[in-house]
Amino acid sequence: MLRHRGRQVGTVAGLVALCVGLWILTPHFLTVSNLLNVLDQTAINAIVAVGMTFVIVSGGIDLSVGSVLALSGIVLGNALAAGMPMPAAIALGLVVGTACGTINGALVSWGRLPPFIATLGMMSVARGVALMLAEGRPVSGFDEGFRMLATSRVAGVPAPVFVMIAIYAIAHAVLSRTVFGRATFAIGGNEEAARLSGVAVRFHKTCAYGVAGLMSGAAAVLLTARLNSAQPTAGIMYELDAIAAAVIGGVSLTGGEGSVVGVLTGALIMGVLRNGLNLLNVSSFFQQVVIGAVIIGAVFMDTWFKRRRQ
């Protein structure tokens, strides 16, 4: 526990050091408007990342979150375009995301498929269905009331930031204070021991993937409202950002360890890094190199901590 808290402190210190460095390199970074922009831009990736956290803590991985986000967005967009009431359309998008995640969990838990293979297949299926439903074109032209979900501000703070905070508060309570949360950690730490202790392993693992799908659906709602269009190509590479945020935030890729607070810090590091690179006019191609290097570094640190513990 002390080592984990020490690693969390180190992650927060890394975020502070990154902010100080960017403040020195570019005076525009540490302005209120830019910091709010970072939070706004980070919110959607952070919501996807908290769903990924449930899966990784349970010992799995989900490569389909980006494609599920796109499919949820297209279903939501088509429902709105067809005249469905906004609450019902949003609920439909969330149900589609949850269903995709639950199918992933069922394939892993009952079908005994490796998580990498099951979610890789879902990544292709969800993207293909999204492209078919949209006929390869974006769905656009929504009511102002729907767009305000992402564009409105409360006391100057973008609405998606409040959504992100609410989701993280709920996720923290679920993982740290409920039987489901303790079972998720137990399964990721030692699945066989959890089963012998009476934990319904298959059910809990399926639910963990369902949560990841639900979070992809929630992110799809905000992204569709922000862009005022549902894009069948949305969410590409979101799975890598989500995994990176989780690992940077201290979630072990081997499962059984991590915290929601750490994941939020990891997501903020990714958002600050991307924002800083944009302010420094670093090309998008080189940004991919930097992000990839950060992911490799985070996984290396995770492996190094594991070896030290052993």
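These notebook entries record what I looked up in the structure, element by element.

**Entry 1: the model**

I note at the outset that this is a predicted model. I therefore read every value below as computed from a prediction.

**Entry 2: helix α5**

I began with helix α5, which runs over residues 115–134. Its 20 residues reach 28 Å from the first C-alpha to the last, close to the 28 Å expected at 1.5 Å a residue. I then asked which residues of α5 are buried. They are A118, T119, M122, A126, R127, A130 and A134. These residues cover an arc of only 160° around the axis, so they sit on the same side of α5. On the face turned away from that buried side I found the exposed residues S124, V125 and M132.

Next I looked for what covers the buried residues of α5. The cover includes α3 (65–81), α4 (86–109) and α10. I also looked at what comes after the helix: α5 is followed by E135, whose phi is positive, near 55°.

**Entry 3: helix α3**

Is α3 enclosed or open, and what decides it? I counted its buried residues: 15 of the 17 are buried, so α3 is largely enclosed by the rest of the structure. After α3 comes G83, with a positive phi near 95°.

**Entry 4: S216 in helix α10**

Helix α10 spans residues 201–227, and S216 lies in it. Is S216 buried or exposed? Its relative accessible area is 1%, and the cut-off for a buried residue is under 20%, so S216 is buried. Leaving out residues up to four places away in sequence, I found that S216 touches V65, V68 and L69.

**Entry 5: the largest cavity**

The volume of the largest cavity is about 50 Å³. Its lining consists of L69, A70, G73, A220, L223, T224, L227, S229, A230, Q231 and A234. The elements that give two or more residues to this lining are α3, α10 and β4 (229–230). Which element supplies the largest share of the lining? The answer is α10, with four residues. I note that L69 is in this lining and is also touched by S216.

**Entry 6: aromatic pairs**

A pair of aromatic rings is described by the distance of the centres and the angle of the planes. I counted two aromatic pairs in the model. In one of them, F54 and F180 are stacked, at 6.3 Å centre to centre and with 25° between the planes. F54 lies in helix α2 (residues 32–57) and F180 in helix α8 (residues 179–189), so this pair ties together parts that are 126 residues apart in sequence. I checked the accessibility of each ring's residue. F54 counts as buried at 4% relative accessibility, and F180 counts as buried at 18%.

The rings of F142 and F146 have their centres 5.6 Å apart and their planes at 85°, so I recorded that pair as edge-to-face. Both F142 and F146 are buried.

**Entry 7: the largest pocket**

I next looked up open space. About 690 Å³ lies in the largest pocket. The pocket is lined by 29 residues, of which N45, D241, R274, Q287 and I291 lie nearest its centre. At least two residues of the lining come from each of α2, α10, α11 (238–248), α12 (260–279) and α13. Which element gives the most to this lining? I found that α2 does, with eight residues.

**Entry 8: V294 in helix α13**

My last entry concerns V294, which lies in helix α13 (residues 284–309). With a relative accessible area of 24%, V294 is partly exposed. Leaving out residues up to four places away in sequence, V294 touches I248, M270 and L273. I also looked up a separation: the C-alpha atoms of V294 and A245 are 10.0 Å apart, although these residues are 49 residues apart along the chain.

Terms used. Residues numbered from 1 in each chain as written. Predicted model: local features only at pLDDT ≥ 70, side-chain atom pairs only at ≥ 80, totals over all residues. Heavy atoms only, no water. Buried < 20%, exposed > 50% of the residue type's maximum accessible area, 1.4 Å probe, protein only. Contact = heavy atoms within 4.5 Å. Expected span 1.5 Å × (residues − 1). Arc of directions from axis to C-beta. Phe/Tyr/Trp six-rings, centres within 6.5 Å; stacked < 30°, edge-to-face > 60°. 1 Å grid on protein atoms, 1.4 Å probe; cavity = no way out; pocket = protein on both sides within 12 Å on 5 of 7 lines; lining within 4 Å. Points joined across faces, edges and corners; volume = space filled by probe spheres on them.
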